[in-house]
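Biologist: Could you walk me through reading a model like this one? I'd like the general idea each time, then the case at hand.

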Amino acid sequence: MLSQARSRTELAFMEAGVEQDVRADGRRRVDYRDISVTVDVVPSSHGSARVILGHDATEVLAVVKADLSQPSYERARCGTLELNVEVSPLALLYKETGREVEDLNAELTTAFESFLVESGALDMEALCITPGKYAWTIYLDVIVLEGQGNILDAVSLAAYAALRTAALPGVDAISGGLDSANNPIEDFELSSTDILDAKPLPVQNLPICITLNRIGNFVVVDTAAEEEAEGGVQARLTVAVDETGHICGLYKGAGGGFPVGEMHTLAQHAVPIAKKVLEGLKAAIGLTDKKEKKGIEKGSSKLRCEAGTWRRDACVGE
Amino acid sequence: MYNCYTPRVATKTQVSTLQTNSEIQAQRKKDDTGPSPARSESFRMDGRAYNQLRPVFIDLNTASGSAYLEMEHTKVLVAVYGPKARQDVEFSDEGKLICDFRYSPFALRARRPTGKEKGGREGGREGGGGGGGGPQRDEERAASRTVSQALEASVQLAKLPKSVVEVFVLVLQTDGGEVGAAISCASLALAEAGIELFGLVASCEVVAFTPSEGKREWRVRVDPTAAEEGGEEGGREGGKEGGVVGLALMPVSGEVTQVWQKGRLDTRGSERALEMAADGARMVHALMRKRLLTYMEQEGGGEGGWGGLGEMTRDDRAMRAQDEKHPESVDGDVK
């Protein structure tokens, strides 16, 4: 997406390397760069996460803030999700024009929004406190601080971590009785003021994105900035996979094409990769299948992940 | 000229049953979990079979470089300008394709503001351009990208250095499938404008759903209306299984140039949906090709590109003859 021009020789070199399963930085086609996840980086928010791919190559910050609002008439029993993905000017190195930046932001937002919303991962009805009166609006703001390749995947990982570790204060609806003007009382109160009693967001089966890039006749994941140069990647398919291995969304970028007979195998190719990435991500933010962590994690957990293997860093809780 | 306010009603297409290859059919008989083509209870709200497109009307007899496509209640108008000189860079090896996708204010259920109302932002974007009506909304920008990426592979951009081709899409009415219709219509408009192409790009959407969660039986409907997309059959509320898959295909090279999916599908559902979307796109392509050939014949020389090529080439005539000999292999009948 953010790319610079490369000479034909460089592109040919890259293609030849991909054919032999050796990319410019030595990775195989299916290898991700090191992924580092830190949660709770913005203490003033309800949830946040920062994901860094590679050696400070791509850095994304996702922040969840919740606010109370009145639900709309048609959807009186539902809360809302407002998503915004933006590329910060810090990340723009190649003097994209204003219009291009707006287009890029719009593209990232709509692509990711369709995965998140259409997958039904966030239970909107559980966000409602009093039908027609009070409901939570979840604002998910994702900012790309560094964009050296594979932005959309990083966005999805950061959003996943932020949504999964976000916590809202418990709220009880009160109804019944009349107030001084003889109107029925519809109000709410906090169940508890203890921050540790905060409830996690009603998300399940949240998807992450795996972007498959076609270089020559092969497919690579997690492209670095030099691989995303103009003319490097012929076609790009982003597959959103949820925790059960279902495909929640497809999004295609870049101008080229994929052979029609192989569309299905291609999409399925992303599923085991997503599974591995998800496993590591969940371990990194302290969520395992056995017991789900309730409430806010004190401090943060930093996990350095090698391609394919995940180990816990020594600096947990710093 | 027939304008969009008094459109000619499309006649019902006669679509033969999908020509699936024998391997797939044999496997289905073994599996017995897919819907069989002859199942009568899979008729839809408008009486179509599961693998039947809506009636298609294509009009090319308009200003040079434009096309109008109607799929029952989805109406799309596309105009192509160019190739013209590129203003943004001094030199480029290859041409660039830009797309501007807009909904007209009356296209959707709720009227969209035109941007000229008091308190609205300044209308128009830099450099002006067709369509008008305020800055693009996010979904229009996203759709612009979808359409331009779908078409990029079909245009011989290497033959257009230092040039830009602008495609303006205006959705007049939408009842589901407008992005797909825009892609097909834009491809026709490019052909009509005489821009050199590798082939036509045709697009089709399908909606896939399971009648009950967990069961592996997937039902797929080709070319859904808005009601079918978003209704119970869409099955996307609350994480149930089901979704919409759209695909743009260039049959000449056998490449999928654009694909999108909204909703959850498992392996089997995804496979069926992609397969049927590709078949649907082939059906649309056959209709587009037929209409373009008829138009070429009628127009003789005509403006833009086709000048001098009033006569069909020998290959086209041979293709035509073959189509006439085997009418069942060409799907659809456009008047």
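Biologist: Over which residues of chain B does pLDDT stay under 50, and how many contacts beyond four places in sequence does the model have for them?

Modeller: Some ground rules before that. This is a predicted model, where local features need pLDDT of at least 70 and side-chain atom pairs count only at pLDDT 80 or more, while totals for chains, interfaces and linings use all residues. Residues are numbered from 1 along each chain as its sequence is written, chains are lettered from A and ligands numbered from 1 in the order in which they are written, and side-chain values use heavy atoms, with hydrogens and water left out.

Now, pLDDT is the predictor's confidence in each residue, from 0 to 100, and a contact means heavy atoms within 4.5 Å. In chain B, residues 117–132 stay under 50, and the model has 19 contacts for them beyond four places in sequence. Residues 301–313 of chain B are also below 50, with 22 contacts beyond near neighbours in sequence.

Biologist: What does chain B average in pLDDT, and which of its elements has the lowest mean?

Modeller: Chain B averages 74, and 62% of its residues score at least 70. Elements here are DSSP runs numbered from the N terminus: helices are H or I, at least four residues, and strands are E, at least two. For the model's overall scores, ipTM is 0.77 and pTM is 0.75.

Biologist: Over to chain A: how many helices and strands?

Modeller: Four helices and 17 strands. Among chain A contacts with a separation of 6 or more, 69% come from residues 24 or more positions apart.

Biologist: Which way do strand 2 and strand 3 of chain A run, and how many bridges join them?

Modeller: Two strands pair if DSSP finds at least two bridges between them. Strand 2 (residues 47–53) and strand 3 (residues 58–69) of chain A run antiparallel, joined by seven bridges. R50(A) sits opposite L61(A) in strand 3 of chain A. Four residues lie between the strands of this hairpin, and G54(A) takes a positive phi near 70 degrees there.

Biologist: Where does strand 3 of chain A pair with strand 6?

Modeller: Strand 6 covers residues 134–147 of chain A; twelve bridges join strand 3 to strand 6, and the two run antiparallel. V64(A), for one, has L140(A) as its bridge partner in strand 6 of chain A.
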